[in-house]
Amino acid sequence: MANYGTILVVDDNPAILTAVKICLAGEFDRVLTLASPDTLLTVLAQEVVDGILLDMNFTQGGNSGQDGLLWLRAIHKKHPAIPVVLVTAYADIKLAVRGLKMGAADFVAKPWDNQELIRILKDAIDAGRKVVPLEQVEAEHVSKVVERCHGNISRAAELLGITRQTLYAKMKKL
């Protein structure tokens with residue numbers, strides 16, 4: 001099973017925070033919760049977070065989603081690699097599309113299906129993890145070895161366990 005690290009949940013409803021913490025506890029190493037986004041950027045500066053579940057509304061009586069979009073923008077400005085999944089009780093297609101256009105990884109409506117929420121969060125984190133092609137890893141390794149050998153091709157080929165001709169062919173591809 002893949003390690004999904006730490007998820008940060010930001011919602012002003014204590015019951016939602018408790019429910020999400022219980023739901024995600026077996027799926028993530030850590031589930032951090034914030035009842036207000038006011039300290040969100042401070043927490044992100046202090047903690048390694050793999051994904052964020054962010055409520056869209058924090059203003060009392062408000063349901064426009066503007067709070068969530070404002071915080072989404074702030075998160076992406078300082079931490080663009082952390083995937084953010086937006087969540088709201090006021091499921092509005094236009095709002096969801098706007099959030100996605102602004103860089104949200106996905107959008108979840110309250111109430112949610114627990115397995116679907118887990119899948120969405122894991123998919124968001126997986127999409128953010130970069131898989132480097134084997135050819136790129138090999139090219140970087142060959143370059144480092146040649147550099148370490150100060151351009152001595154015979155020594156570099158020996159360290160790599162290949163012939164000089166094979167090393168020349170690999171270097172041509174660089």
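# Getting to know this model

Author: Leaving out neighbours within four places in sequence, L8 is in contact with L32, T33, L34, L40, V43, L44, V49, G51, I52 and L53. Keep in mind that this is a predicted model.

Reader: Okay, so where is the place of L8, in which strand?

Author: Look close to the start of the numbering, which runs from 1 along the chain. Residues 6–10 form a strand that takes in L8, and that strand is β1.

Reader: And is L8 buried or exposed?

Author: Buried means under 20% relative accessible area. L8 has a relative accessible area of 1%, so it counts as buried.

Reader: How far apart are L8 and G161 in space?

Author: In sequence, 153 residues separate L8 and G161. Going from C-alpha to C-alpha in space, the two are 46 Å apart.

Reader: How are helices α3 and α4 oriented to each other, roughly parallel or roughly antiparallel?

Author: Two packed helices are described by the angle between their axes and the distance between the axes. Here α3 covers residues 66–78 and α4 covers residues 93–101, and their axes come within 10 Å and cross at roughly 10°. Angles under 35 degrees count as roughly parallel. That is why α3 and α4 are described as roughly parallel.

Reader: Which residues make that contact, and how many of them are charged?

Author: From α3 come Q66, L69 and L72, while α4 brings L95, R98 and G99. Sorted by class, the contact of α3 with α4 has three nonpolar and two polar residues, and the charged count is one.

Reader: What kind of peptide bond runs from K110 to P111?

Author: To find the spot, go to the loop between β5 (106–109) and α5 (114–128), where P111 lies. The bond from K110 to P111 has omega near -10°, and it is cis.

Reader: What about H150: what is its phi, and is it buried or exposed?

Author: H150 sits in the loop between α6 (134–148) and α7 (153–160). It isn't a glycine, yet its phi is positive, at about 55°. Exposed means over 50% relative accessible area. H150 has 74% relative accessibility, so it counts as exposed.

Reader: Last one: which side chain does the side chain of T166 join in a polar contact?

Author: T166 is found in helix α8, residues 164–173. With a relative accessible area of 33%, T166 is partly exposed. Its side chain makes a polar contact of 2.8 Å, and the partner is the side chain of T163.

Technical notes. Predicted model: local features only at pLDDT ≥ 70, side-chain atom pairs only at ≥ 80, totals over all residues. Heavy atoms only, no water. Helix = DSSP H or I, 4+ residues; strand = E, 2+ residues; numbered from the N terminus. Buried < 20%, exposed > 50% of the residue type's maximum accessible area, 1.4 Å probe, protein only. Polar contact = N/O pair within 3.5 Å; in protein donor to acceptor, adjacent residues only side chain to side chain. Axes fitted to C-alpha atoms, helices over the stretch in contact; angles between N-to-C directions. Parallel < 35°, antiparallel > 145°, perpendicular 65-115°, else oblique. Contact = heavy atoms within 4.5 Å. Nonpolar A, V, L, I, M, F, W, Y, C, P; charged D, E, K, R; others polar.
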